[in-house]
Amino acid sequence: MPTPLPESHVERLAKLLLNDQLVLFVGAGISHQAKARDASGRRLPLWRELAEQVAAQCGEKTGNYSQSILDLFDAIEANQSRGQLEEAVRHALPENEFEPSPMHAALAELPWHMVY
């Protein structure tokens, strides 16, 4: 179990947040917590699984890109089209089939300046 942050860190983060100087970097693990509306137990993919699904949809192999999803996406955009890439990502991330997780709700309540 992780240990709590020291109070000085909490105070610094709170100050940065209040001054619009804190940027949150969110990974696929947040969306992976979302539950399927059909109660099937399906989850949105994590980073590697997303790469594999997009690659398969576009006729590519992730191994050709040193396991770099960004290189894969760049190659699909350059060799096929931005539209093809976007369609493959939409297919892999059917957001309307999932409910936001409690973490999504908690993040939405905070006054983030930016979220990446």
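Tutor: Ala39 is exposed, as its relative accessible area is 71% (buried means under 20%, exposed over 50% and partly exposed in between, with a 1.4 Å probe and protein chains only). The model is a predicted one, in which local features need pLDDT of at least 70 and side-chain atom pairs count only at pLDDT 80 or more, whereas totals for chains, interfaces and linings use all residues. Residues are numbered from 1 along each chain as its sequence is written, and side-chain values use heavy atoms, with hydrogens and water left out.

Ala39 belongs to the loop between strand S2 (35–36) and H3; helices (H or I, at least four residues) and strands (E, at least two) are DSSP runs numbered from the N terminus.

Arg37 forms a salt bridge with Glu99, and the closest N and O atoms are 2.5 Å apart (a side-chain nitrogen of Lys or Arg within 4 Å of a carboxyl oxygen of Asp or Glu). This pair joins distant parts of the chain, since Arg37 sits in the loop between S2 and H3 while Glu99 is in strand S3 (residues 98–99), 62 residues apart. Both partners are partly exposed: Arg37 has 48% relative accessibility, and Glu99 has 40%. A network of salt bridges also links Asp38, Arg42 and Glu97.

Salt bridges occur elsewhere too, and the whole structure holds 6 of them. Arg82 takes part in two pairings: with Glu77 at 3.6 Å, N to O, and with Glu86, where the closest N and O atoms are 2.9 Å apart. Arg82 and Glu86 lie in helix H5 (residues 82–92), 4 residues apart, which is about one turn of the helix. Arg82 is partly exposed at 45% relative accessibility, as are Glu77 at 33% and Glu86 at 33%.

Glu60 lies in the loop between helix H3 (47–57) and helix H4 (69–79). Although buried, Glu60 has no salt bridge, and Lys61, the nearest side chain of opposite charge, is 9.3 Å away. Beyond neighbours within four places in sequence, Glu60 is in contact (heavy atoms within 4.5 Å) with Ala55, Tyr65, Leu72, Ile76 and Gln80.

As to the chain as a whole, its secondary structure amounts to 6 helices and 4 strands, in the order α-β-α-β-α-α-α-β-α-β. The radius of gyration is 18 Å, whereas a compact globule of 116 residues would have one near 13 Å (taken over C-alpha atoms, the globule rule being 2.2 Å times the number of residues to the power 0.38). The C-alpha trace spans about 50 × 35 × 30 Å along its principal axes. Of the 116 residues, 25% are buried. Among contacts with a separation of 6 or more, 56% join residues 24 or more positions apart. The chain carries 10 positive and 16 negative side chains, and the centres of the two sets lie 3 Å apart; Lys and Arg count as positive and Asp and Glu as negative, with His and the chain ends not counted, and each charge is placed at NZ of Lys, CZ of Arg, CG of Asp or CD of Glu.
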